[in-house]
There are 2 protein chains.
Amino acid sequence: MTAHLLTIGDEILIGQIVDTNSAWMSRELNLRGMRVNGKSSVGDTREEIIQGVEHAASTADVVIMTGGLGPTKDDVTKKTLAGMFDSGMSFHQETYDRIAAFFARIGRALPAAMRDQATVPDKALLLPNKVGQAPGMWFERDGKVFISLPGVPFEMEYLMSAEVLPRLQQRYPAQPIAHRTLATAGEGESVIAKRIEAFEDALPPHIKLAYLPSLGQVRLRLTGVWNGPLVPDAQAILEAELDDKKMALHALIPDIVYGYEEESLQQAVGKLLLDQGKQLGTAESCTGGYVAHLITTVAGSSVYFPGSVVTYSYEMKSKLLGVKPDSLTRFGAVSEETVREMALGALDTLGVDVAVAISGIAGPSGGTPEKPVGTVWMAVCDRERTVAVKHHFGRDRLKNIQLTGVYALNLVRQFLLGQV
Amino acid sequence: MTAHLLTIGDEILIGQIVDTNSAWMSRELNLRGMRVNGKSSVGDTREEIIQGVEHAASTADVVIMTGGLGPTKDDVTKKTLAGMFDSGMSFHQETYDRIAAFFARIGRALPAAMRDQATVPDKALLLPNKVGQAPGMWFERDGKVFISLPGVPFEMEYLMSAEVLPRLQQRYPAQPIAHRTLATAGEGESVIAKRIEAFEDALPPHIKLAYLPSLGQVRLRLTGVWNGPLVPDAQAILEAELDDKKMALHALIPDIVYGYEEESLQQAVGKLLLDQGKQLGTAESCTGGYVAHLITTVAGSSVYFPGSVVTYSYEMKSKLLGVKPDSLTRFGAVSEETVREMALGALDTLGVDVAVAISGIAGPSGGTPEKPVGTVWMAVCDRERTVAVKHHFGRDRLKNIQLTGVYALNLVRQFLLGQV
């Protein structure tokens, strides 16, 4: 089965919003063995919608539209679709009641425009939207499926997960498919590729490996598609096979794999701290609180994270962390001596078991020939030992801060595991 | 002139990356009066590229392609385009020399694949890529323009700014156009719309107002398009007219406008601190360092930002900020009393002139009937006075942190200006 994704609305065409919906939908369809073979965007006039839908239908089995259903704009989209599928429009009491209940729940008066939101094409199979107003709509014509969803990301995600994906899987039964993802940090794509070359070359043709890189991290996704005759326990056999491959792959790179599936590095570090019954603190200079922010994006982090100090100035490094003024003047704020003293100071100041300290030159200015922009020192310690490392990142301030955050968390992880 | 944006590459179709290029390009074209009337994405096979380009050309005057030019994939894209435009392929010494110089500059060996990167269609006008490898290409056929650019965002942005936009403006001279943007924080779209209703209604037809909302902020963009006969100083007249409108709009909402054009809230706060010769510190609980992170994303912030304390635990609030244990037990960590004491404590601990303190329930758990998830107290103070305010945000942890960050910075801004 092939799908084409069509976004409707001027806000995409004028660049007011970045289309994140399409990437989410593509990923979810792909994970279920459904191929997206095209995407497009059109404005919200009748002519553009017709042209967009017909073009999409000419290239794929299923057309999934998002947007054009807001209370000020839904008229043209719905009427255009009704026209294309030879359908009248009717008021739909059930949808209206659901919308009214939704507004009652959030304590707001029901706007008059909601009568129009509940007026829908007769021929549409309605997909109830439990998290918003406009329902999703499912049309069929000449053996092709046309689905219209609201553009608000969490409404689209709800309707895709609860309604669209299960129905598509039923209508277009695919070969059993299974996935396993390993999350790694600290090595680039090419280094990983070399380390796992023999494993990758030996994979059977029905299992593929994908590299999904992001800043400082690479996720490795194994995808298996059943390729024999369909036996009742095909899915289970495939899942077991992928579990084996996952473990084999993990065994090749145990030092860089921090988790599976969607787990984030900050979640992995949090889990280790919980397991070991330890508390962590951060002492940050160039990252300016970014590492603490990453850690505290995880719900429940207060159990293992009592706090942090951000010491941008020399004075704060000495006052709050006890860094010797002599170290700062002799070696500079960006030096092994300083980050070691910062980390040790943080143990006491924050009363934690493990501390990580970071000092670097985020840029764009402040570099010297010996310490160019992107030079970062970091140290992690407990009461027994301290490990310090130096990195050289690039020239972009924000990227340097973000990369440093990933490397600092990974250093904490390795330290907790005794790998450094 | 109308443009169609076409992305080439499977990584978009499988949802591996979010297409941010299209939004950037749409915005830049729009600002120059060029309309994007469609966008689409195709995979990187010959058939898909041909079909995508022909479809795009059937709907617009200019087709701008991105992607499909990386060293492992450029072959199919370039050969397909050469075929479509009846062109041979030749090695281009100048491009090769430029690529070689680029590799020499970053201190890496020149890969053999770079000979292919420098082999390009004869009929293409080459757009030299000074920040990467693959050059941009400009083709013409039957009065339409076809432009191919690399997909790496900063290479695309460089080529658009340096080569494509100036050439398009020359080839499709548009009416003079001008923009003015006011950046606001602290009020939603609908409240702003009511406050400026009379102004908006009285705008002449050739000046439009757009609302560009983001988390906790709204940018108001005035766009004027010259609509009379073209006189030599049309642009200057239009610019002056927009300056007038900008000032008139600013005068209606002086309390919420923090800057113009691309200025960020953290830049605006930094500028005020510099102007007033003051230093700021943050004392953060639920934001976990996010406010300090925002402040330190601005280059040069070390002048006015010596540091921050993140006090997630009761103990740290008392130890580092001198919050009375009695206040914490009687009123709780999320209370007016606690944030006031945190802010005053931060003045001394961080040795700053102004401090902002934040404590709230980011969620998803930790709420109570009296203090539901999303309840946030914040206080700002100097040696003379303290202002505390309470907010109620939503249920999503990360959004609560981000919204709180914006509101906290805006509170500091208003405090520095004596507006609160």
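The model is predicted. Chain B can be laid on chain A with an RMSD of 0.0 Å by a turn of 180° and a shift of 0.0 Å along the axis. The two copies are thus related as by a two-fold rotation axis.

**Symmetry**
- Both copies use the same surface, since 100% of the contact residues of chain B recur in chain A.
- Among the residues of chain B, S40(B) comes closest to the rotation axis, with its C-alpha at 1.9 Å.

**The interface**
- In chain B, 50 residues are in contact with 50 residues of chain A.
- Several elements of chain B each supply at least two residues to this side, including α2 (21–31), β2 (35–42), α12 (290–296) and α16 (397–416).
- The element that gives the most to the side of chain B that touches chain A is β2(B), with seven residues.
- By class, that side of chain B has 22 nonpolar, 23 polar and five charged residues.

**Strand pairing across the chains**
- Strand β2 of chain A, residues 35–42, pairs with β2(B) in the antiparallel sense over three bridges.
- S40(A) has S40(B) as its bridge partner in β2(B).

- In soluble globular proteins, nonpolar side chains tend to be buried together.
- The largest nonpolar core has 126 residues, of which A343(A) and A343(B) touch the most other members.
- Another core, of 36 residues, lies apart from it and includes L13(A), L29(B), V42(B) and F139(B).
- Beyond its neighbours within four places in sequence, A343(B) is in contact with residues including A283(B), A355(B), V380(B) and T386(B).

Note on methods
Residues are numbered from 1 along each chain as its sequence is written. Chains are lettered from A and ligands numbered from 1 in the order in which they are written. This is a predicted model: local features need pLDDT of at least 70, side-chain atom pairs count only at pLDDT 80 or more; totals for chains, interfaces and linings use all residues. A nonpolar core is a set of buried Ala, Val, Leu, Ile, Met, Phe, Trp, Tyr and Cys residues joined through C-beta atoms within 7 Å. A residue is buried if 20 or more other C-beta atoms lie within 10 Å of its own, exposed if 12 or fewer, and partly exposed in between; C-beta atoms are placed from the backbone. Two residues are in contact if their C-beta atoms, placed from the backbone, lie within 7 Å. Helices (H or I, at least four residues) and strands (E, at least two) are DSSP runs, numbered from the N terminus. Ala, Val, Leu, Ile, Met, Phe, Trp, Tyr, Cys and Pro count as nonpolar, Asp, Glu, Lys and Arg as charged, and the others, Gly among them, as polar. Two strands pair if DSSP finds at least two bridges between them. Copies are superposed by least squares on the C-alpha atoms of residues with pLDDT of at least 70 in both.
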